[in-house]
Amino acid sequence: MPPKSRFTRLDAFTKTVEDARIRTTSGGIVTIASLLIVFFLVWGEWSDYRRIIVHPELIVDKGRGERMEIHLNVSFPRIPCELLTLDVMDVSGEQQTGVKHGIQKVQLAPAVQGGRPVDVRALDLHADEPATHLDPSYCGECYGPPAPASAVKPGCCQTCEEVREAYASVSWAFGKGEGVEQCQREHYSEKLEAQRDQGCRIEGGFRVNKVIGNFHIAPGRSFSNGMMHVHDLNNYLDPSQGSHTFTHTIHHLRFGPQLPEDLTKRIGGKTLGWTNHHLNPLDNTNQATDDAAYNYMYFVKVVSTSYQPLGWKSKGAAIDSGDSSDLVSIGQHGLGEDGSLETHQYSVTSHKRSLKGGSDSSEGHKERLHAIGGIPGVFFSYDISPMKVINREERPKTFTGFLTGVCAVIGGTLTVAAAIDRAFYEGATRMKKLHQR
C-alpha cells in the first residue's frame with residue numbers, strides 16, 4: 001500500500017474494497033433511471049439558461065428636446081381629397097398647416113362603386129400646373145391680399161394655388177375660385193366638381209415635438225384669425241358639392257416605429273411577452289355619421305417605450321433624438337443600428353358630438369348637453385406621460401447559475417437514487433430472511 005499522506009485523515013469520501021461491494025439488478029435499474037433523469041433535468045437547465053425574457057422597468061422620462069413620429073392611415077369615403085387638410089400644432093407654439101411632406105392623399109372611388117383607390121399619389125390639384133407656359137412678363141393678380149411669400153414670382157400670384165395661399169394669409173374664404181383668372185385657366189372648379197363624390201385615404205407619417213399637442217384632419221384650407229385656428233368651410237358645406245360627412249375608418253395609427261416582425265415572433269408565441277401590450281388601440285376603428293357638422297375627438301395618452309436587445313449595453317444606444325433626428329428619414333426615427341428601438345405606446349378615449357348642439361336624449365342621456373359650434377373633422381389630442389417603459393432582454397440566469405443548477409441536479413438526483421436503491425436492497429434482504437425462517 002502506498003504510504004499515507006497528511007491529507008488521508010481529511011478524506012470525507014471513504015472507500016470500500018471491491019470484494020465488499022454488492023451489485024444488484026435493482027441497483028442497475030435505479031442507476032439507468034437516475035442517469036436519464038439527470039440528462040433530462042440538465043437539458044432543462046440548459047434550455048432555461050438559453051431562454052431570453054423581457055424585463056420591463058418603469059422610470060421617469062428625462063429626455064429633453066426630443067421629436068417623435070406619428071404614422072396614420074385613415075379613410076374618408078364621403079369627402080374628396082381636395083377638401084381635406086392635415087394640421088399639427090402643439091403647446092410650444094409650433095404649427096404645421098396643410099402638412100404634405102411624408103403624407104399621401106389617395107383618391108378613392110365613390111362608396112357605391114366600392115371605394116377602390118383611383119390615384120395613389122400625393123394629390124395636389126395644382127402640382128402639374130407650374131405655369132411655365134405664361135409670358136415671362138406676366139404678373140397674376142392676387143385679387144386683394146398681398147402675394148404669398150412662397151410665390152414663384154415675388155409680388156405676383158401666377159397660379160390658382162398661390163391665390164388661395166394669398167387669401168388664406170389674410171383669413172379670407174376662397175370658395176371655388178369664381179372670377180379668378182388663374183383658377184379658370186387651370187379649370188380648378190371643374191376638377192373640384194370631378195372629385196365631388198369621391199373619397200380619400202390619408203396615409204404616411206410626420207414628425208412633431210414631443211410635447212402636448214394635437215393634429216386634426218378638417219375640411220378646407222386652414223388659417224389663423226387672431227388667436228383662433230379656423231378653416232375655410234365654404235366648399236365643404238356647399239349643398240351643390242354633395243353631402244360630405246366625416247364618416248371614417250382608422251386603419252392604423254401609431255406613435256413611433258412599428259415593432260419588427262422578427263421581434264414579434266421571437267418574443268411572441270404562448271406568452272406574447274411585451275408585444276401583447278404594444279397593440280395600437282385605434283387600429284380598425286370605424287365611425288359613421290350622416291351629419292356634415294360633426295366632430296370626432298380622440299384623447300391619446302402617449303407613453304415612451306424603449307426596447308433594448310440582449311447585450312445592448314456593450315453595443316451602444318439607439319439613434320439620438322433632438323435636432324439630429326431631423327436628418328433621419330421618416331420611418332427610420334428611433335431605430336438603432338444595434339437592434340434597439342425607441343417607440344411609444346398609447347391609450348385612448350374618444351368623444352363625438354354634433355356641432356349643432358343638443359343633448360344625447362336619443363341615447364338615453366338627456367342630462368348630457370353639447371356646445372354649439374366648432375370645426376367638423378377628426379381631431380387627435382395627445383399628451384405625453386412623464387414615465388417611460390424600458391423593456392430589456394435578459395437571460396433568466398447567469399452561466400454560474402447554470403453550473404450551480406447542473407451540480408444541484410446531479411447531486412440531488414444521485415442522492416435520491418442512492419436512497420431508493422438502499423430501500424430496495426434493505427427490503428429485498430429482509431424478505432429473504434423472512435422466507436428462510
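## Aromatic rings in the model

Visitor: How many residues apart are Phe399 and Phe402 in helix 7?
Guide: Welcome, and keep in mind that this model is predicted. Helix 7 spans residues 399-436 and holds both Phe399 and Phe402. They are separated by about one helical turn, because their spacing in the helix is 3 residues.

Visitor: Is the aromatic pair of Phe399 and Phe402 stacked, edge-to-face or tilted?
Guide: The ring centres of Phe399 and Phe402 are 5.9 Å apart, with 40 degrees between the planes. Planes under 30 degrees apart would count as stacked and over 60 as edge-to-face, so this pair is tilted.

Visitor: How many aromatic pairs does the structure hold?
Guide: One of them joins Phe76 and Phe246, whose centres lie 5.7 Å apart with planes at 85 degrees, so that pair is edge-to-face. For the structure, the number of aromatic pairs is 14.

Visitor: How many residues apart in sequence are the parts that Phe76 and Phe246 tie together?
Guide: Phe76 is buried at 0% relative accessibility, and Phe246 is buried with a relative accessible area of 0%. Phe76 belongs to strand 2 (residues 67-76), while Phe246 sits in the loop between helix 5 (234-237) and strand 11 (248-255). The pair therefore ties together parts whose separation in sequence is 170 residues.

Visitor: Which residue lies over the face of Tyr49?
Guide: An Arg counts as over a ring if its CZ is within 6 Å of the ring centre and within 35 degrees of the ring normal. At 5.9 Å from the ring centre of Tyr49, the residue over its face is Arg395.

Conventions: Residues numbered from 1 in each chain as written. Predicted model: local features only at pLDDT ≥ 70, side-chain atom pairs only at ≥ 80, totals over all residues. Heavy atoms only, no water. Phe/Tyr/Trp six-rings, centres within 6.5 Å; stacked < 30°, edge-to-face > 60°. Helix = DSSP H or I, 4+ residues; strand = E, 2+ residues; numbered from the N terminus. Buried < 20%, exposed > 50% of the residue type's maximum accessible area, 1.4 Å probe, protein only.
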